[in-house]
Structures are given as structure tokens and as C-alpha cells.
Amino acid sequence: MILPSKHIRISESLIGLGAYLLKYLNDGPKSVDQLWFKVGKQNETKKAFSYHGFDNVVLALNYLFIIGAIDINSEGLIYNAVNKTISK
Amino acid sequence: MFVTLTADDLYIARKLFQLEIYKRNGQSYEDFFSKIMRLHNIDFIQIKPQGQFGDRKNDGFIKSTGQYYQVYAPENLSHKEKDTIEKLVTDFNGLYAYWNATVTPILEFNFVLNDKYQGTYPSLHPELTKIEGNHAGVKCKPFLSQHLEDIFLKLPHSNIEDVLGKIPTAEDISLNVSNLNEVIEYLISLKDGASPENFPVNPDFEEKIVFNSLSSPAATFLRYGSYQDGALKDFFKVNSTFAKDDLKNTFSKLYKDAVQEIPDSDSKNDLVFFDIAKKAYPKQGKVYQDAVFVLMAYFFSYCDIFEEPPLKQQQTLFQ
């Protein structure tokens with residue numbers, strides 16, 4: 001579910017998870033493993049609005065790639081394709 | 001084990017029985033009828049069709065009393081007046097020709113009709129009287145859904161559960177999260193297709209129960225189901241997040257289907273309630289029933305099933 005709906009809150013939707021992933025990319029390019037590690041840690045905290053499994057992380061990355069928000073560099077790491085100054 | 005059904009249990013049993021009547025036609029109705037008659041009277045003998053001879057116009061009989069039963073359960077009886085009369089006449093003649101002399105004299109002929117509680121044609125009764133007039137000593141009468149219901153509700157309670165499965169009780173609803181996944185997977189596989197988003201303006205649980213004129217047993221299921229709301233939300237938080245949306249579509253479809261299929265009556269909304277519940281169990285068992293009631297309460301509170309009460313408006317001064 002990319003967008004929120006009646007029963008899917010924004011934090012549960014892929015667009016919401018995408019926002020988290022972009023935030024994690026603020027401090028530089030990361031591999032899928034590193035991003036999943038961050039989401040996993042977030043899942044365990046009380047601050048997490050929603051739980052997201054690895055499947056959702058992959059779906060959210062697909063979605064971010066399709067809309068041109070992320071790309072992969074020569075080292076195979078994911079970076080923020082819109083605001084390259086943040087993640088070089 | 002001795003089973004005692006309370007007044008509420010019997011009410012639910014009655015609604016579940018009526019649902020069976022509404023959905024069964026043809027052979028399925030005949031099997032249902034025969035099962036109840038066998039439980040009611042051990043002397044009832046069901047007749048299975050035999051090759052080219054068929055059942056010789058007899059679906060079942062009680063030899064000692066000379067009572068014979070012939071079943072007719074078309075999909076829609078209201079469009080079959082001519083067929084019904086023809087069947088009555090041919091079946092009785094066939095029955096009389098074979099069974100009266102060779103087995104036991106016919107004292108009572110019951111023409112079993114699945115009228116789905118709509119009653120039968122006035123034109124059927126003169127035909128029955130005509131048969132009585134032509135065959136001395138034979139009583140002829142229609143045997144409708146209401147008659148089967150009377151027999152059914154007088155059965156020992158263990159037999160009632162034998163026919164309908166375990167009668168659910170609202171007070172004992174407890175959500176077993178380990179079974180919830182199975183229920184959800186089954187429900188998602190059941191139906192597809194998105195239904196429009198309907199954001200309720202005023203989702204007041206109790207008001208909605210009253211507005212939909214749900215009876216007290218059905219309302220109790222929803223209330224007790226809603227008590228498990230927290231456990232359900234915890235489950236959704238760590239499990240199938242997106243399943244919530246699919247489930248909304250499934251329940252909404254089950255609700256719309258039930259509203260269309262079940263004929264109008266005073267207790268239509270209760271029948272709709274139990275119809276959704278029954279179709280949503282992946283298999284018989286209390287744990288599955290409980291999970292379904294909790295899910296129904298959840299989607300009821302969000303107005304995905306049943307109608308939303310209209311928002312109360314301030315009366316204007318000059319209305």
C-alpha cells in the first residue's frame with residue numbers, strides 16, 4: 001500500500017516508510033543491509049509509529065527508485081538522488 | 001456431553017437455521033431436510049434414487065405411521081407456480097401407484113416445499129384437497145420451511161449443534177492471535193476487488209447498533225468483540241499491515257452480498273450479521289469464530305459493514 005488509506009496510517013504506508021529511508025540517507029549513501037538495520041532498530045523503539053518488515057523496506061526502496069528519489073552509485077550504495085549535497 | 005442452550009443460543013440457532021434455508025436448493029435442501037427428520041424420528045427412512053427408477057416419487061417416509069414426504073426446492077419458488085402444481089400431481093400419482101400397495105398405505109402425504117418463509121400459492125391448496133377427495137383416507141398437506149424450523153428447534157440441543165456446528169457465545173470471545181493469521185489469509189483469499197473509502201463522520205458504536213436495529217445477541221457479539229480491539233491493533237502493528245485494507249474490502253463485499261441475498265424481513269440485519277460471520281470462518285472451531293467476531297467488531301466500528309447513522313443536525317427555528 002503506497003499511499004495511506006482509511007485503515008493504513010501514513011507511517012504504515014510505503015510513502016511514510018520512504019520518508020524514513022530518505023532521512024537515513026541524509027548522512028551518506030548506504031547499502032540495503034545498512035538501511036534495514038536502521039529500520040530494524042527503529043522497529044524496536046517505542047518511538048516507532050509502525051512496524052515494517054524487510055519486505056516493506058524493499059518495496060519502499062523500489063518505490064523511491066521509480067519516482068527518482070534515490071539512485072545507486074558506482075559502489076552499489078543507495079543515495080539521495082534529489083538532494084545530492086546531503087548524500088554524496 | 002450434555003449441552004444446554006440458553007434463550008440467546010436458541011435465537012442464534014434459529015437465525016443460523018434460517019440462513020441454511022435461504023441458501024439451500026434442490027438436493028442440498030433435501031439432504032438438510034432428511035438429516036433433521038432422521039434426528040427428529042429414528043423411524044424416518046430416507047429414499048435414495050435408484051438408477052432409472054429414481055426414488056419412485058418418495059424422498060422419505062415413516063412406515064409405522066404411513067407418512068410420506070416428497071421434497072421440492074427450486075431456486076426461486078415464486079416463479080414456479082405451474083411447475084409446483086404439476087410436480088405435486090405427478091409425484092403423488094407416482095407415489096400412490098408404487099408405495100401404497102407394496103409398502104404401507106399412504107395415510108399422510110407431505111409436499112415439502114422450500115418456500116424460504118414466503119408461504120405458498122393459494123392455488124396449491126385446492127389441488128391438495130382434490131387429492132384427498134380422490135383418495136379416501138389420505139391426508140395431504142404442504143410442509144414448509146416454518147414446519148421444518150418447528151421440528152428443528154424442538155430437537156435435543158446436542159442435535160441442534162450437530163446440524164449447525166458449535167453455537168458461538170459472545171461472553172467467551174477471546175482472541176487467539178496465533179490463529180488470527182490463518183483467518184486473515186482465508187478472508188483475503190475469499191474475495192477481491194476494492195470498495196470505495198467511506199470515512200464515517202460519527203462512528204458511535206452503540207448508536208450504530210441501534211441505528212442498524214441489531215438484536216441484543218448480535219449486539220453482544222460486537223461489544224465483546226470490540227473489547228479485544230487492543231489485541232487486534234497490536235497484531236496489525238507487527239503483522240500484516242496492508243492486510244487491513246484487503247480485509248476491509250472483503251468484509252464490505254460480504255456485507256453487500258448478504259444484503260442482496262437475504263430477503264427483507266424484521267430480522268434481516270441479524271441474518272446479515274450471522275451470514276457474514278458464517279462465511280468468514282475458515283473452518284469450524286471456536287478460535288476461528290472468536291477471531292472473526294473481533295474482526296467484525298473492528299470493521300463495524302469503522303462503518304465498513306452495516307450502515308452509518310446520519311449525523312444529527314441542529315433543527316432550524318423555522319422548519
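A crossing of two helices is left-handed if the near helix is turned anticlockwise from the far one by less than a right angle, and right-handed if clockwise. The model on screen is predicted.

**Stop 1: H3 and H4 of chain B**

Select residues 81-102 of chain B, which form helix H3, together with residues 124-134, which form helix H4. Their axes lie 10 Å apart and pack at an angle of about 15°. Angles under 35 degrees count as roughly parallel, so H3(B) is roughly parallel to H4(B). Which hand does the crossing have where H3(B) passes H4(B)? It is right-handed.

Now show side chains. On H3(B), the contact is made by B:Thr84, B:Ile85, B:Leu88, B:Val89 and B:Phe92. H4(B) contributes B:Leu124, B:Glu127, B:Leu128 and B:Ile131. Sorted by class, this contact between H3(B) and H4(B) has seven nonpolar residues, one polar and one charged.

**Stop 2: H9 and H12 of chain B**

Next, select residues 216-226 of chain B for helix H9 and residues 268-280 for helix H12. The two axes come within 10 Å and cross at roughly 45°. H9(B) and H12(B) are therefore oblique to each other. Here H9(B) passes H12(B) in a left-handed crossing.

For the residues in the contact, pick B:Ala218, B:Phe221 and B:Leu222 on H9(B). They meet B:Asp270, B:Phe273 and B:Phe274 on H12(B). By class, the contact of H9(B) with H12(B) has five nonpolar residues, one charged and no polar ones.

**Stop 3: A:Lys30**

Move to chain A and centre on A:Lys30, in the loop between helix H1 (14-24) and helix H2 (32-44). Is A:Lys30 buried or exposed? The relative accessible area of A:Lys30 is 9%, and under 20% counts as buried, so A:Lys30 is buried.

Show A:Asp27 as well: its side chain makes a polar contact with the side chain of A:Lys30, at 2.7 Å. Leaving aside residues up to four places away in sequence, A:Lys30 touches A:Tyr24, A:Leu25, A:Leu35, A:Lys38, A:Leu77 and A:Ile78.

**Stop 4: A:Tyr79**

Finally, select A:Tyr79, found in strand E2 (residues 78-80) of chain A. A:Tyr79 is buried, with a relative accessible area of 15%.

Definitions and conventions
Residues numbered from 1 in each chain as written. Chains lettered and ligands numbered in written order. Predicted model: local features only at pLDDT ≥ 70, side-chain atom pairs only at ≥ 80, totals over all residues. Heavy atoms only, no water. Axes fitted to C-alpha atoms, helices over the stretch in contact; angles between N-to-C directions. Helix = DSSP H or I, 4+ residues; strand = E, 2+ residues; numbered from the N terminus. Parallel < 35°, antiparallel > 145°, perpendicular 65-115°, else oblique. Contact = heavy atoms within 4.5 Å. Nonpolar A, V, L, I, M, F, W, Y, C, P; charged D, E, K, R; others polar. Buried < 20%, exposed > 50% of the residue type's maximum accessible area, 1.4 Å probe, protein only. Polar contact = N/O pair within 3.5 Å; in protein donor to acceptor, adjacent residues only side chain to side chain.
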